[in-house]
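Here is a short report on a single chain. It starts with the fold as a whole and then turns to helix packing, cores and local backbone features.

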Amino acid sequence: MLRVEETQAPVEFSPELISKFDDVKSRYPAGKQKSALLPILHLVQAEFGWLSAAAMDKVAGYLQIQDIEVYEVATFYSMYFLNPKGKYVLEVCRTGPCCLVGAEKIMDYLEEKLGVKEGEVTADGLFSWRGVECLAACGFGPVLQIGPEYTFYENLTKDSVDKLIKDLKEKGKN
Ligand code: FES
């Protein structure tokens with residue numbers, strides 16, 4: 001379930017990050033600074049790993065818009081994370097065609113294998129997983145993607161999930 005994580009932890013944006021904000025904002029006409037919201041949220045997420053309420057409020061302050069305008073956008077697009085996430089987020093398509101060929105079983109298996117529920121983070125910080133809507137690979141389900149490169153893994157089975165997690169654990173050590 002999607003929820004805005006409440007945090008009291010103050011967030012500070014570095015001068016370097018603000019400079020990137022300024023660069024993005026300068027691409028839009030005066031008075032249309034709200035148009036810079038999506039790329040600025042991406043910059044914040046790249047810096048902090050996810051979007052806390054405190055960070056979103058600060059973005060609202062920077063763009064001189066209402067906090068709710070930032071929440072509306074951040075909660076609409078699934079590429080924004082409103083809670084801490086693992087280094088690797090396994091996003092499983094949970095739309096009808098993939099469910100017909102076992103997507104729900106793959107999600108159950110991920111929960112069992114990783115020992116965390118949807119949206120939670122493994123103790124080593126490496127993994128989280130979640131269901132997402134159609135990934136446009138409907139003929140190759142069950143399918144999952146892993147950002148930020150959005151690599152696809154298709155025709156998933158328990159064995160291929162085992163191999164994927166093993167490979168990512170190896171990669172994650174580096
Ligand atoms: S339904 Fe799963 S990729 Fe389209």
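In this predicted model, 62% of the contacts with a separation of 6 or more join residues 24 or more positions apart. The chain has 174 residues, and 22% of them count as buried. Its C-alpha atoms fill a box of roughly 50 × 30 × 25 Å along the principal axes.

Seven helices and four strands make up the secondary structure. From the N terminus, the order is α-α-α-α-β-α-α-β-β-β-α.

**Packing of α1 and α2**

Helix α1 covers residues 15-25, and helix α2 covers residues 37-48. Their axes lie 10 Å apart and meet at an angle of about 160°. Angles over 145 degrees count as roughly antiparallel, so α1 and α2 are roughly antiparallel to each other. Their crossing is right-handed. On the α1 side, the contact is made by Leu-17, Lys-20, Phe-21 and Val-24. On the α2 side, Pro-39, Ile-40, Leu-43 and Glu-47 take part. By class, the contact of α1 with α2 has six nonpolar residues, two charged residues and no polar ones.

**Two nonpolar cores**

In soluble globular proteins, nonpolar side chains tend to be buried together. Which residues touch the most other members of the largest nonpolar core? They are Val-92, Cys-93, Ile-106 and Leu-110, in a core of 16 residues. Three elements each supply at least two residues of this core: β1 (88-93), α6 (103-114) and β2 (127-132). Helix α6 gives the most, with five residues.

Val-92 shows how this region comes together in sequence terms. Neighbours within four places aside, Val-92 is in contact with Ala-103, Ile-106, Met-107 and Leu-110, among others. Its contacts also include Trp-129, Gly-131, Val-132, Pro-142 and Leu-144.

A second, separate core holds 13 residues, including Ile-40, Val-44, Ala-55 and Tyr-62. Ile-40 is also one of the α2 residues in the contact with α1.

Asp-57 lies in helix α3, residues 53-63. Is Asp-57 exposed or partly exposed? It has 14 C-beta neighbours inside 10 Å and therefore counts as partly exposed. Asp-57 and Ile-40 are 17 residues apart in sequence, and their C-alpha atoms are 13 Å apart.

**Backbone features in loops**

| Residue | Feature | Value |
|---|---|---|
| Pro-142 | omega of the cis peptide bond from Gly-141 | near -10° |
| Gln-64 | positive phi | near 55° |
| Asn-155 | positive phi | near 50° |

Pro-142 sits in the loop between β2 and β3 (144-146). The peptide bond from Gly-141 to Pro-142 is cis. Pro-142 is also in contact with Val-92.

Gln-64 lies in the loop between α3 and α4 (67-76). Its phi is positive although Gln-64 is not a glycine. Is Gln-64 buried or exposed? With 8 other C-beta atoms within 10 Å, Gln-64 is exposed, because 12 or fewer is the cut-off for that class.

Asn-155 lies in the loop between β4 (151-153) and α7 (158-173). Here too a residue other than glycine has a positive phi. Asn-155 has 13 C-beta neighbours inside 10 Å, so Asn-155 counts as partly exposed.

Methods
Residues are numbered from 1 along each chain as its sequence is written. This is a predicted model: local features need pLDDT of at least 70, side-chain atom pairs count only at pLDDT 80 or more; totals for chains, interfaces and linings use all residues. Axes are lines fitted to C-alpha atoms, for helices over the stretch in contact, and angles run from 0 to 180 degrees between N-to-C directions. Angles under 35 degrees count as roughly parallel, over 145 as roughly antiparallel, 65 to 115 as roughly perpendicular and the rest as oblique. A crossing is left-handed if the near helix is turned anticlockwise from the far one by less than a right angle, and right-handed if clockwise. Two residues are in contact if their C-beta atoms, placed from the backbone, lie within 7 Å. Ala, Val, Leu, Ile, Met, Phe, Trp, Tyr, Cys and Pro count as nonpolar, Asp, Glu, Lys and Arg as charged, and the others, Gly among them, as polar. A residue is buried if 20 or more other C-beta atoms lie within 10 Å of its own, exposed if 12 or fewer, and partly exposed in between; C-beta atoms are placed from the backbone. A nonpolar core is a set of buried Ala, Val, Leu, Ile, Met, Phe, Trp, Tyr and Cys residues joined through C-beta atoms within 7 Å.
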